[in-house]
Amino acid sequence: MDSKALKTILEIGETVAVEFKRCGNGIESDTYESVCSFLNRFGGDIFMGVLDDGTVIGVPPKAAPDMVKNFITIISNPALFTPTIYLSPEIIEYEGHTIIHVHVPPSAEVHSYKKIIFDRVNDADIKVTATAQIASMYIRKQNIYTEKKIYPYATINDLRTDLLPRIRQMAVNHAGGSHPWENMSDEKLLQSAGLYGTDVATGESGYNLAAILLLGKDEVIQNVCPAYETDALVRKVNVDRYDDREIVRTNLIESFDLLMDFIKKHLPDKFFLEDENRVSLRNIIGREIISNTLMHREYTSSYAAKLIIKRDQMYTENANRATSNGFITPDNLEPNPKNPVIASFFRNIGRADRLGSGVHKLFKYTKLYSAKDPIFQEGDVFRIVVPLDDSYSFDMEIGSETRIATDATDRATNATNLSTSLSDNEQSVLNAIRSNPKITQKQLQEATGITLGTIKRLLPKLQEKEKLERVGNRRSGQWKVND
């Protein structure tokens, strides 16, 4: 590790993946607890000879080689570490001090130190004693999908086969008029969707957890997953309790409908045009966050999923089999299917798109809905936050003469502050309109080479700058350039 990278780490401080240890008189037990927690979580880096606040005091230079030997001896001792691990500490010099750096990779196994399992939560090493937590840790470590667990005594009578005609039609509509499920029998459809199969490890055949969650009768779902529910709440007035609530415990097909109806009931459907067609920003955002929380949840967890609508944000929380920790953006997105069978089923019926597209869509449409970016937080609890702002509207109806200001005082203030200078794109738009006052947005795109989305943003700005007026209504009127 070079000095520049180390300096940056010291300035940021301890995190879920960075731990500082004083180690003035040798390596103490809490250092090995951190090793154990890093192995059990996402890995990390330990720096010995550094105080908690990032101050470098170093370790005795002559003692450093022996400290490294003792460290390797401890982590290789099966009486202390189970299972044992091999790590290679690095002795580095930084501003006249000796530091020991240990990089701990994430492990595919669950480790214990002195027969105690440790996990990493934020910047702390936590003892794990609860059976449910330990089970969750093993699930996270194992590259398995719990949705594929076979229930050999479940039969087709435990499923809501009355939903299958609707599902066939949804698949046909989404596929553009033809889909293999259309003419399949119920049993063949379920097999084709991966809801009935054989566990090659045990030889058991039957319907799996995905089948029960997607199509199971309510009593069967509660029998298999007693903690399964989605708690939908509105907290705009009574923030301590709720203004409205719906607890959803039914199959995933109808759960999607109930949660969408809940969002439609409590969020405004703001006007928006895309390629001259009106689209519902609210419905697009609602579809993405609901499909995400239903498709990618870890259903064996007892953590109750939530959909919360507040004045300034809407967010979902659900149990997660995390492969990393931190915030997800379109730039660092690495799609990882948590329940591939359920996700594939949702894609077939048009309730989800290809893996990873939901993140891009939410970033695009949330910006248009509230002028802010959403937040995706990966961890044992996966969280999506969609900012809300009822006063904001990305209004595409360019014929309106009073778009933003809410009263005469605001309009006068805005008119005073608006810049009269024009960008190259704005000038190009005005030149095209001078040539053809009845020009459409599509024609403007073709004449100027500017994207349609940019043109839709430029036209209102030019009106605000009083460079452009709309004479008549939006359909039969025309533009007037104020030279």
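A disulfide is defined here as a pair of cysteine sulfur atoms within 2.5 Å. The close-up views below are taken from a predicted model.

View 1. In total, the structure holds zero disulfides. Cys23 is buried, as its relative accessible area is 4%. Another cysteine, Cys225, is also buried, with a relative accessible area of 6%.

**View 2. The stacked rings of Tyr32 and Phe71.** The structure holds eleven aromatic pairs. One of them is formed by Tyr32 and Phe71, which are stacked with 5.6 Å from centre to centre and 20° between the planes. Because Tyr32 belongs to helix H2 (residues 29-40) and Phe71 to helix H3 (residues 64-75), this pair ties together parts that are 39 residues apart in sequence. Both residues, Tyr32 and Phe71, are buried.

**View 3. The tilted rings of Phe81 and Tyr113.** The ring centres of Phe81 and Tyr113 are 5.3 Å apart and the planes stand at 40°, so this pair is classed as tilted. Distant parts of the chain are linked by the pair, with Phe81 in strand S3 (residues 81-82) and Tyr113 in strand S6 (residues 112-113), 32 residues apart. Phe81 and Tyr113 are both buried. Tyr32, Phe71, Phe81 and Tyr113 are joined into a cluster by ring pairs.

**View 4. Charged side chains over tyrosine rings.** Two sites are shown in this view. At one site, Lys270 lies over the face of Tyr369, at 4.4 Å from the ring centre. At the other, Arg383 is placed over the face of Tyr315, at 4.2 Å from the ring centre.

View 5. Gln313 is located in strand S17 (residues 313-319). With a relative accessible area of 19%, Gln313 is buried, since the cut-off for this class is under 20%. When residues up to four places away in sequence are not counted, Gln313 touches Ile308, Arg383, Val385, Val386, Pro387 and Leu388. Among these contacts is Arg383, the residue that also lies over the face of Tyr315.

Terms used. Residues are numbered from 1 along each chain as its sequence is written. This is a predicted model: local features need pLDDT of at least 70, side-chain atom pairs count only at pLDDT 80 or more; totals for chains, interfaces and linings use all residues. Side-chain values use heavy atoms; hydrogens and water are left out. Rings of Phe, Tyr and Trp (its six-membered ring) pair if their centres lie within 6.5 Å; planes under 30 degrees apart count as stacked, over 60 as edge-to-face and the rest as tilted. Helices (H or I, at least four residues) and strands (E, at least two) are DSSP runs, numbered from the N terminus. Buried means under 20% relative accessible area, exposed over 50%, partly exposed in between (1.4 Å probe, protein chains only). A charge sits over a ring if NZ of Lys or CZ of Arg is within 6 Å of the ring centre and within 35 degrees of the ring normal. Contact means heavy atoms within 4.5 Å.
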